[in-house]
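Have the model open as you read, and take the points in order.

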Amino acid sequence: MQRVSRAEVTVNGKTTGRIDSGLLVLLGVGRGDTAKDAVYLASKTAGLRIFGGSDGRMTKSVRDVGGSVLAISQFTLFGDVRRGLRPSFDGAADPEAAESLYEEYVSQLRAAGLQVATGVFGAMMRVESVNEGPVTILLDSNKLL
């Protein structure tokens, strides 16, 4: 996820999602991920304190600052390039499972009271953003300890 001052996604030249201040989330769903992972990640996304408070330190969440989330599905996060020069995506979930968990993640964010914009699952998308800070945080539900 990235803290942004704005972000937008377009598909075939048409804007499908746009936010001002908030978070751009590039969400990869892996083989073996479950609804529990989606719930965990949505809770972390909503509560993670990566926005500046009055003292300039990161003390506020996207919810605290009234920000929005642009959630984009991105299976290429599972690109493994340890062998050869062409990425392997064997670690990514199959499209049906991935779409279901992506939708669960978005649903959980909305249930937490956040405004959420999205791209189009499985589509070729153009994503534009202005990263503030820059601040980029990696969340991985498989690294809980």
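1. Let's start with the charged pairs. How many salt bridges does the count come to? This is a predicted model, and the count comes to 2 salt bridges.

2. One of them joins Glu-8 and Arg-18, whose closest N and O atoms are 3.2 Å apart. Glu-8 sits in strand β1 and Arg-18 in strand β2 (residues 14–19), so this pair ties together parts that are 10 residues apart in sequence. Arg-18, at 54% relative accessibility, counts as exposed.

3. There is also a salt bridge between the side chains of Asp-80 and Arg-82, at 2.6 Å from N to O. Asp-80 is partly exposed, with a relative accessible area of 27%, while Arg-82 is exposed at 73%.

4. Have a look at Arg-3 too, which you'll find in strand β1 (residues 2–11). Arg-3 is buried yet has no salt bridge. Glu-132 is the nearest side chain of opposite charge, and it is 5.8 Å away; a salt bridge would need a nitrogen and an oxygen within 4 Å. Leaving aside neighbours within four places in sequence, the contacts of Arg-3 include Leu-23, Phe-51, Met-58, Val-130 and Glu-132.

5. Now try Arg-57, in the loop between β4 (51–52) and β5 (58–60). Arg-57 counts as exposed, at 59% relative accessibility. With neighbours within four places in sequence left aside, Arg-57 is in contact with Phe-51 and Gly-52.

6. On to helix α2 (residues 95–111). At 1.5 Å a residue, its 17 residues should span 24 Å, and the end C-alpha atoms are 24 Å apart, which agrees. After the helix comes Gly-113, with a positive phi near 90 degrees.

7. Which residues of α2 are buried? They are Ala-98, Leu-101, Tyr-102, Tyr-105, Val-106 and Leu-109. These cover an arc of only 140 degrees around the axis, which puts them on the same side of α2.

How values were computed:
Residues numbered from 1 in each chain as written. Predicted model: local features only at pLDDT ≥ 70, side-chain atom pairs only at ≥ 80, totals over all residues. Heavy atoms only, no water. Helix = DSSP H or I, 4+ residues; strand = E, 2+ residues; numbered from the N terminus. Expected span 1.5 Å × (residues − 1). Buried < 20%, exposed > 50% of the residue type's maximum accessible area, 1.4 Å probe, protein only. Arc of directions from axis to C-beta. Lys, Arg positive; Asp, Glu negative; His and termini not counted. Contact = heavy atoms within 4.5 Å.
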